[in-house]
Amino acid sequence: MVRSTTPFDLVFRAQRLIGPHGETSGSVGVRDGRIAAVEPLDAELEATRVVELADDEVLLPGLVDTHVHVNDPGRTEWEGFETATRAAAAGGVTTIVDMPLNSLPPTVDTDALEVKRKTARDKAHVDIGFWGGAIPGKLDELRGLHEAGVFGFKCFLLHSGVDEFPPLDSAQLDTALRELAGFDAMMIVHAEDSDAIDEAPTPHGEDYGDFLASRPKGAENVAIAQVIELARRIGARVHILHLASSDALPLIASARAEGVRVTVETCPHYLSFTAEEIPDGATQFKCCPPIREAANRELLWKALADGTIDCIVSDHSPCTPELKRFDTGDFGVAWGGVSSLQLGLSAIWTQARQRGYDLSDVVTWMARKPAELAGMRSKGSIAVGNDADLCVFAPDDAFVVDVAKLQHRNPVSAYHGRPLAGVVRETWLRGTQIAGDGADTSQLHGKLLTRGEV
């Protein structure tokens with residue numbers, strides 16, 4: 001039996017705990033906001049407070065979501081740091097990384113980054129990092145943003161949906177990747193080819209099939225091939241955002257086998273929904289690239305299992321109800337994006353358990369791997385020295401999603417009315433409870449994160 005001689009601030013005791021090597025039982029000692037001990041369940045760890053998990057609860061590391069559009073400042077009516085970070089905490093997410101668009105200004109230079117940080121500083125219920133943006137006319141700002149602590153850079157290869165964040169053409173992408181390779185920064189890419197989409201049918205009306213045809217798999221495949229070839233030639237680090245096309249998986253696997261530095265993410269909506277089940281006019285399901293067919297979804301799940309896809313992140317891309325055009329149900333004019341920041345863990349667990357995966361797999365995909373992707377060494381796992389970011393999860397509990405009860409600013413979500421397995425009962429950030437019964441919400445506990453310091 002292990003006996004502690006120095007009291008901890010807090011000790012968790014759990015019959016089920018997902019550690020770096022899988023599921024076990026254990027006691028977790030917290031001191032000064034960090035995990036100071038991970039010991040057997042019967043270890044005598046003295047503490048000011050002891051949290052005993054119920055028999056139906058599992059202790060998980062706090063999730064890390066590296067793909068969140070907070071839209072603040074400038075389009076705060078779409079979301080905002082206050083509501084986004086509350087939603088994250090409610091969903092067991094303790095760290096987010098904010099995308100450089102759709103805020104105004106976009107995060108494409110150090111002045112804009114400072115505006116973003118000032119906006120977020122007094123609204124952070126969870127920890128927040130920032131991506132920088134790579135757009136034409138601002139490529140000389142990349143090094144400055146890197147030195148200011150962004151976690152990497154995002155670019156588009158086609159219109160982003162907002163005019164202030166234009167895409168890179170082939171020559172500009174080459175230039176940007178060569179610049180980033182000079183200081184080993186990562187480019188994260190919205191990989192859809194503009195020419196392929198220009199040649200596809202124009203989306204219009206309520207038929208989801210027409211919208212799906214307007215964003216063909218080929219647009220993803222061609223763009224991913226271009227990004228991989230440039231990464232191979234230059235030696236750059238690249239990351240494919242929100243993969244939806246299963247056709248690109250062999251190309252990605254082959255590139256990795258050759259040593260190309262490419263990583264890949266997908267999202268809960270591509271793993272939960274199928275094109276066949278989306279009703280006419282249901283624009284809450286519109287996103288780009290689109291939700292594809294059932295057979296495609298199963299291949300994405302297999303790619304997670306074999307490691308071709310590294311991680312699952314939300315791509316939380318909210319907007320006001322008016323922009324979803326529920327009045328017409330027209331997929332051609334509705335804003336594209338799925339709101340799911342609070343629901344990702346339950347959505348993925350619902351699907352994963354049906355396919356024989358366990359909570360250790362889910363933690364790998366939604367906590368450990370995203371933390372590694374962003375270079376966050378103190379996040380994503382229950383290990384000594386890491387931040388005491390923890391989630392108390394009841395995997396056999398269930399609920400039906402009601403958008404009116406979500407913490408997101410706007411009551412819009414593709415998951416509304418959907419039954420999900422698994423309930424987040426508590427979320428802890430550096431040893432302070434930030435969500436669930438008894439949470440300390442009287443003050444903010446989130447920090448602004450800088451690359452290399454977390």
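This is a predicted model: local features need pLDDT of at least 70, side-chain atom pairs count only at pLDDT 80 or more; totals for chains, interfaces and linings use all residues.
**Group meeting: pockets, a cavity and local backbone features**

Good morning. I begin with helix H7, residues 217-234: its 18 residues reach 26 Å from first C-alpha to last, close to the 26 Å expected at 1.5 Å a residue. That expected span is 1.5 Å times one less than the number of residues in the helix. Helices (H or I, at least four residues) and strands (E, at least two) are DSSP runs here, numbered from the N terminus.

Residues are numbered from 1 along each chain as its sequence is written, and side-chain values use heavy atoms, with hydrogens and water left out.

Which residues of H7 are buried? They are Ala219, Glu220, Asn221, Ala223, Ile224, Val227, Ile228, Leu230, Ala231 and Ile234. Buried means under 20% relative accessible area, exposed over 50%, and partly exposed in between, with a 1.4 Å probe and protein chains only. These buried residues pack against helix H4 (170-181), strand S11 (186-190), H5, strand S12 (237-240), helix H8 (249-257) and strand S13 (262-266); contact here means heavy atoms within 4.5 Å. After H7 comes glycine 235, with a positive phi near 85°.

I turn to the annotated domain. The UniProt record, an unreviewed entry, carries the annotation "domain: Amidohydrolase-related" for residues 58-414. UniProt positions are given in the numbering used here, feature names are shortened, and annotations may be inferred rather than shown by experiment. Residues 58-414 are 35% helix and 15% strand, and the end C-alpha atoms of the span lie 27 Å apart.

Next, the pockets. The search runs on a 1 Å grid over the protein atoms alone: a cavity is a set of points where a 1.4 Å probe fits but cannot get out, a pocket is an open set with protein on both sides within 12 Å along at least five of seven lines, and lining residues have an atom within 4 Å of a point. Grid points are joined across faces, edges and corners, and a volume is the space filled by probe spheres set on the points.

The largest pocket holds about 660 Å³ of space. It is lined by 34 residues, and His159, Ser160, Gly161, Arg215 and Cys288 are the closest to its centre. At least two lining residues come from each of strand S10 (153-156), helix H5 (194-199) and helix H6 (208-214), with H5 giving the largest share, 3 residues. By class, the lining has 13 nonpolar, 15 polar and 6 charged residues. In this scheme Ala, Val, Leu, Ile, Met, Phe, Trp, Tyr, Cys and Pro count as nonpolar, Asp, Glu, Lys and Arg as charged, and the others, Gly among them, as polar.

The second largest pocket has a volume of about 370 Å³. Ala90, Gln342, Phe399, Val423 and Val424 lie nearest its centre, among 21 lining residues.

How many cavities of 30 Å³ or more does the whole structure contain? The search finds 1. Of the 13 residues that line the largest cavity, Leu63, Asp65, Val93, Gly344 and Met366 are the closest to its centre. The space in this cavity is about 70 Å³. Strand S6 (63-68) and helix H11 (344-354) each supply at least two lining residues, and S6 has the largest share, 3 residues. Here 9 lining residues are nonpolar, 3 polar and 1 charged.

I close with the backbone. Aspartate 72 and proline 73 are joined by a cis peptide bond with omega about 5°, and proline 73 is in the loop between S6 and H1. A cis peptide bond also joins cysteine 288 and proline 289, with omega about -5°; proline 289 lies in the loop between helix H9 (268-272) and helix H10 (294-306).

Histidine 242, in the loop between S12 and H8, has a positive phi near 30°, although it is not glycine. Is histidine 242 buried or exposed? It counts as buried because its relative accessibility is 2%. Aspartate 315, in the loop between strand S14 (311-312) and H11, likewise has a positive phi, near 50°. Aspartate 315 counts as buried at 8% relative accessibility.
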